[in-house]
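Hi,

Here is the structure I promised to pass on.

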Amino acid sequence: MEITEVRIKLMESGEDRLRAFCSVTFDTCFVVRDLKIIDGNTGLFIAMPSRKLTFHCPRCRIKNHLRSRYCNNCGTRLPHSRVESGPDGRGKLYADVAHPINAESRELIQNRIVEEYQAELERAKLPGYRSRYDDEYESSPSSPETDPTRTEARIDSGAERPAPHRTEPDRASRMTPREAD
C-alpha cells in the first residue's frame with residue numbers, strides 16, 4: 001500500500017483542538033476523506049472518519065443519537081442505558097467509518113499526514129496561499145468547470161448557482177373554497 005496523496009484543510013486556530021481536516025489517497029485509486037488532525041495532550045494525532053451511533057425510538061422507530069433524552073420525532077422520553085462501554089470503560093458514542101487494522105498501518109498513515117500537515121503550515125505562510133483540499137474535483141471530467149451538462153457551480157469560481165426549478169400550481173388551484181367564491 002502506498003499513500004499517493006494527502007490533502008490538508010487547515011482550521012482557524014482557536015480554543016478548539018481540531019487543527020485540520022485531511023483526505024488520503026491510497027495507490028492513486030482509493031480516497032478516505034474527513035480524517036481529523038487533533039492537537040492531543042501528547043502531540044498531534046489522527047482521528048479516523050466516524051459517525052455518531054444511533055438507536056431506534058421504541059414508540060415510532062425513528063433513529064436518535066445515543067445521548068438523546070427524548071425522541072426527535074415523537075417526543076417520547078427515551079430509556080437511559082443505551083451507551084455501551086468500550087474497552088477503556090468509556091461510553092462508545094461513535095463508530096469508525098474507516099480505520100487501519102494494525103498499529104503499523106496506523107503509524108504509517110499518521111506519520112505521513114503529520115508530515116504533510118507541517119508542510120501545509122509552511123505553505124500557508126506564503127502570499128497567495130490556497131488549500132488544495134478545496135480543489136479536489138477541479139481536474140475531474142465531471143466537474144462543473146469542465147462538464148457543460150452539470151448545472152451546479154463551485155462557490156469559489158464566482159459563478160452563480162442557478163435557482164432550482166420549481167413547478168408551482170396556479171393561483172386558482174391554491175385557493176381555498178372560500179377565496180374562490
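**What I found**

Arg7 is buried, at a relative accessible area of 15% (buried means under 20% relative accessible area, exposed over 50%, partly exposed in between, with a 1.4 Å probe and protein chains only). This is a predicted model, where local features need pLDDT of at least 70, side-chain atom pairs count only at pLDDT 80 or more, and totals for chains, interfaces and linings use all residues. Residues are numbered from 1 along each chain as its sequence is written, and side-chain values use heavy atoms, with hydrogens and water left out.

Back to Arg7: this residue sits in strand 1 (helices, H or I with at least four residues, and strands, E with at least two, are DSSP runs numbered from the N terminus). Its side chain makes a polar contact of 3.0 Å with the side chain of Glu5. A polar atom of the Arg7 side chain also lies 3.1 Å from the backbone oxygen of Arg132. A polar contact here is a pair of N or O atoms within 3.5 Å; within protein, one must be able to donate a hydrogen and the other to accept it, and residues adjacent in sequence count only if both atoms are side-chain atoms.

**Overall layout and confidence**

The protein chain has 3 helices and 8 strands, in the order β-β-β-β-β-β-β-β-α-α-α along the sequence. Of its 181 residues, 26% count as buried. Mean pLDDT (the predictor's confidence in each residue, from 0 to 100) is 77, and 71% of the residues reach 70 or more. Watch residues 137-176, though: pLDDT stays under 50 there, and the model has 32 contacts beyond four places in sequence for that stretch (contact means heavy atoms within 4.5 Å). Where pLDDT is low, the predicted coordinates should not be read in detail.

**Helix 1**

Helix 1 covers residues 103-124, and its 22 residues should span 32 Å at 1.5 Å a residue; the end C-alpha atoms are 31 Å apart, which agrees. The expected span is 1.5 Å times one less than the number of residues.

Which residues of helix 1 are buried? They are Ile109, Ile113, Glu116, Tyr117 and Glu120. These five cover an arc of only 115 degrees around the axis, so they are on the same side of helix 1 (the arc is that of the directions from the helix axis to the C-beta atoms). On the other side, Ala103, Glu104, Glu107 and Glu115 are exposed. The buried residues of helix 1 pack against strand 1 (3-10), strand 2 (18-26), strand 3 (30-40) and strand 4 (43-47).

Val114 is in helix 1 too. Leaving aside neighbours within four places in sequence, Val114 is in contact with Leu44 and Ile46. Val114 and Ile8 are 106 residues apart along the chain, with 9.9 Å between their C-alpha atoms.

**Cysteines and a loop**

How many disulfides does the structure hold? The count is 0, taking a disulfide as a pair of cysteine sulfur atoms within 2.5 Å. The closest cysteine sulfur to that of Cys60 is in Cys71, at 3.5 Å, which is too far for a bond. Cys74 is in no disulfide either, the nearest cysteine sulfur being that of Cys57, 3.7 Å away. Both count as partly exposed: Cys60 at 24% relative accessibility and Cys74 at 27%.

Finally, Ser68 is in the loop between strand 7 (63-65) and strand 8 (94-96), and counts as buried at 13% relative accessibility. Ser68 and Phe55 are 13 residues apart in sequence and 9.6 Å apart in space, C-alpha to C-alpha.

Cheers
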